[in-house]
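Thank you all for coming.

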Amino acid sequence: MINKKTSNKDDSKLKIGVFICRCGGNISDTVDIEKVKSNIDAEVVEEFENLCSINGKKNIRDNILNNKLDRVVIASCSPISHEKIFQDYVKPLNPYLMDMANLREQCSWVHDKDKSTAKAITLINASIEKVKKSHPVNPIVCQIPESVAIIGGGISGISAALSIAKTDVKTYIIEEKATIGGNMVKIGKVFSPVKIAEECSLCLLNPLINETVWEDNIEILTKTKVISGSRKSGTFSLLLEKSPRYIDDALCIACGKCNEVCPVKVLDDFNENMSYRKAIYKPFSQSYPDAYTIDMENCKKCGNCVKICKMNAINLEEEKELIPLNVGSVILATGHKLFNPKARPEYGYERYDEVITQNELARIMGVNGPTKGELKIPGSKKAPKRIVMVQCVGSRDEKPNAHKYCSKVCCMVALKNANIIKHKYPDTDVIICYTDMRTTGMYEKYYKHCQDNGIRLIRGRPGEIIKNQEDNLVVKVEDTLTREFVEIETDMVVLSLAIESSDGTREIAKQLDIGLTEDFFVKEAHPKIKPVATDVKGAFVCGTAQGPKDITESIMQANASAAKVFELIHKGIEIEPFIAEIDYELCNNCKECISRCKHKSIYIEDKEIFIDPMSCSGCGECLSVCKQSAITIQGNINEKIYATIKGMLKNKQKGEKKIIVFLDQIGYTAADNIGINRLQYPESIHIIKVHSVNRVTPDHIIYALKNGAEGVFIGEYPGDLMYDKVEKKINKLKKYAEKQGINPDRIQFSKVYIPYFTGLAQKFKIFDEKINSISN
Amino acid sequence: MKVINLDETREKLSNKVLNNIKASHDLGLLRCVQCGMCTSVCPGAKHSNYNPRYMVEKVLENDEKIIENKDIWNCFYCYTCHSVCAVGNSPCEVNQILRQIAIDNGKEDEKLKYFASYGETFLDIGIGGMPKSFFMTLHEDIEGWLDFKAELEEIRKELSLGPIQMPQESIEEVRKLLNKMNFDKRVKRLKKEEKE
């Protein structure tokens, strides 16, 4: 009720209360509070020892109620530290009808006694003018659907799904293949850094698969792909394509009779194409769904399977199905693929049967593999006398078709497979040719364990693998530790291939407009402090879709992304209300704003343009391209900036110099740091905090310069998405200012960083001196 | 024991190599991790004591003795090390620069004389090429080599490539330039030394 009444009042009749905090001497030792009080024109001007205390709260509240105040100015510390507290203290007034004048960090802590009182009066006046133009606004609460789509059903996707589903949130696992399980089902054995032993990977994974299957909140969609998708105010609309299985998995009892009668034999990709399967098949015995499927590319449609199936589960004419799905969040768990060994012809993969990959070796060593776990040289029945492993194939390589990064897990994979071989075949000599052994943390213990078991290590990167006259493989390498050129005769070579981004990762990123790194892995919102978040709000990433990593790390990321999903779902998200809104009576659907938005916040639905409040930053870029002026930003920001400038320049004395400084959150924090560290800058500097530097228009700057400001300084953090735009805008403005008869040197654009406060103080000082030297 | 002094600067042999006009602008010399891939494919390393990885190591260690090391003259510019290097280094290029430094120091005529015939081709045809004196040996080693050489211009025409021979006036011009630099005299001197 109060809000409505006040917002309609004439500015000049608004009752404003100014509350000045002495801050236990922090402010009052430097600023003459009595003098400030006598120079402020407001309904109420009060001072307190500690305004942020509970007593302060009572005083503010009583004054608001007793004097029927419409607006409040808190003249105390920085809003960075106490804004939320004072927004609460001014209840029942709308929190956005209060403004803070920063008398501590940006006045008493940076200026001498004789300068700070006048500065304090100016800062309070600016806040008074600003609150006169403030509108009551309410935080926007976005509720997002309580459902999640997880793209990819490997160990990462399964882990994320289990974590989310257990909190009663509907979870969909969308898997392209006929079964969930991913790469982990193929690798045979795993080991953990603290255990000096290898364990069966399927025995660890299978219980998780079962749990996923039995969990009521999880729906598993196999043979399913996302074919298009978009995000609208917290809802992802996905269109899925489910390829036909040709066998009803609800009817199929996996008896295997169809498999027996199928006449078609094809290479089995579960065994890395080292064995055969039928055209009607189950990927592996524990696969889920526990049902057969038909590989229609190879099926001859003889009908044998249909005839023998007692359950009538087979329908060779089944067609693909399109499924629309709306969810609140998406987790990308699209995994990885391996470097193509054919891109390194010098290693002879394909030319020589005896040159294989670590994945192929894992299948050979697997008891459910092509040789039932017996180690044999491919193409022969003999066990190898020697195996040479070649590390860094496609990793740590600057050549155009390879990857500069380290694939992180290959050292451990090679050691593990070498150790398994050594354990089972102690007479087989295993040599690992490495560039550097990278066995960080506890993995180092496993490395030493492998050396104890007699695995040989040669520090050198082989350049070529050939065959000699005896038809043996020869690995050419320099033992760089002994400076010896070595030709190793061997009967088997295993290549440790680089981990690279999967096709699925690239496809889903394109469909949902999610950013990728230069290596085509999913890019995190910030690689250091915002792991698992992507540049699209509500979309998260885990596992090798984000970069090379092992199983444990993948599960940790999966759990982290699940936690991020809960954050969104729990009570929705409260958003600062200063974001863009569209007036549909004015909007003519020209779509200009869509491509201009760096935050990917604007989208089209049913031919109408929408702005997603979750990702809009309120930078105002869309406003400037809207020819219809159909976009507005709540909170009267434009007018508030004019009013603050006006307040800053009010009562300017003869010979006094005023420089207006616009800073965003980061720049303002840096400026506070100058005060916290008790450094000084000229008292001519008057800082205005803005939501986004992009909201400061050329008109604001020209207004300031024409109404008494000698200079304008704009500081922005270079990491801001709008930085380049603003820089260009300021350069253009300088030319315009020159035409208006204003010296362009009075305008300065500068980078700001939080830790670089000394530099910022210095920049203020230099700019102040530069303004002195300009005689216009 | 080797001591790395506190005031030792990076103004080193590696910088000298990187700043040499022959060095590619993005030569990965400082990124070398000594993996030895270059040595593993080097024909020179297989048949002699030359070791491209060791040579790079010495350059990075600022060991100027490598310039006078006779082994570096066993590289025959096949560029295999260059093509396999994972960090964008080119031991072959480094080698050429070291040799040039050795030549500039005026100490390597002994090694240089074997290249005199190649030098002659600049005077004969205006560009570097296979010296005529090698033709018969090549023909003995590679079947049909002379026929290929004879038909080269025809083959190039079929592939719509221009003639390999430079115009006579350009050859004259190159020769004139080289003579001004006393290149011809130097080649003659080396040629004589080679015969002796």
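How many bridges join strand β37 of chain A to β38(A)? Before I count them, let me say that what you see is a predicted model, and that everything I mention has been computed from it. Strand β37, which covers residues 711-716 of chain A, is joined to β38(A) by five bridges, and these two strands run parallel. To give you one point to look at, E716(A) has K751(A), in β38(A), as its bridge partner.

These two strands belong to an open sheet of four strands in chain A, with the order β36-β35-β37-β38 and parallel pairing. At the edges of this sheet lie β36 (685-689) and β38 (747-751) of chain A, each of which pairs on one side only. If we ignore direction, neighbouring strands of the sheet are turned by 20 degrees against each other on average.

Let me now step back to chain A as a whole, which has 22 helices and 38 strands. Its C-alpha atoms fill a box of roughly 100 × 70 × 55 Å along the principal axes, and 48% of the 776 residues of chain A count as buried. Among the contacts in chain A with a separation of 6 or more, 72% come from residues 24 or more positions apart.

The domain assignment of chain A gives domain 1 (1-137), domain 2 (147-188 + 208-333 + 555-569), domain 3 (336-500), domain 4 (574-633) and domain 5 (652-776). Taken over C-alpha atoms, the centres of domain 1 and domain 5 of chain A are separated by 24 Å, and the contact takes twelve residues from domain 1 and 15 residues from domain 5. On the side of domain 1 that touches domain 5, the elements giving two or more residues are α4 (79-89), α5 (104-108) and α6 (113-132) of chain A. By class, that side of domain 1 has four nonpolar, four polar and four charged residues.

Finally, how do the two chains meet? In this model, 17 residues of chain A are in contact with 18 residues of chain B. On the chain A side, the largest share, three residues, comes from strand β25 (residues 473-479), and the residues of that side divide into three nonpolar, four polar and ten charged.

Notes: Residues numbered from 1 in each chain as written. Chains lettered and ligands numbered in written order. Predicted model: local features only at pLDDT ≥ 70, side-chain atom pairs only at ≥ 80, totals over all residues. Contact = placed C-beta atoms within 7 Å. Nonpolar A, V, L, I, M, F, W, Y, C, P; charged D, E, K, R; others polar. Domains from an automatic or database assignment. Pairing = 2+ DSSP bridges. Axes fitted to C-alpha atoms, helices over the stretch in contact; angles between N-to-C directions. Buried ≥ 20, exposed ≤ 12 C-beta atoms within 10 Å, placed from the backbone.
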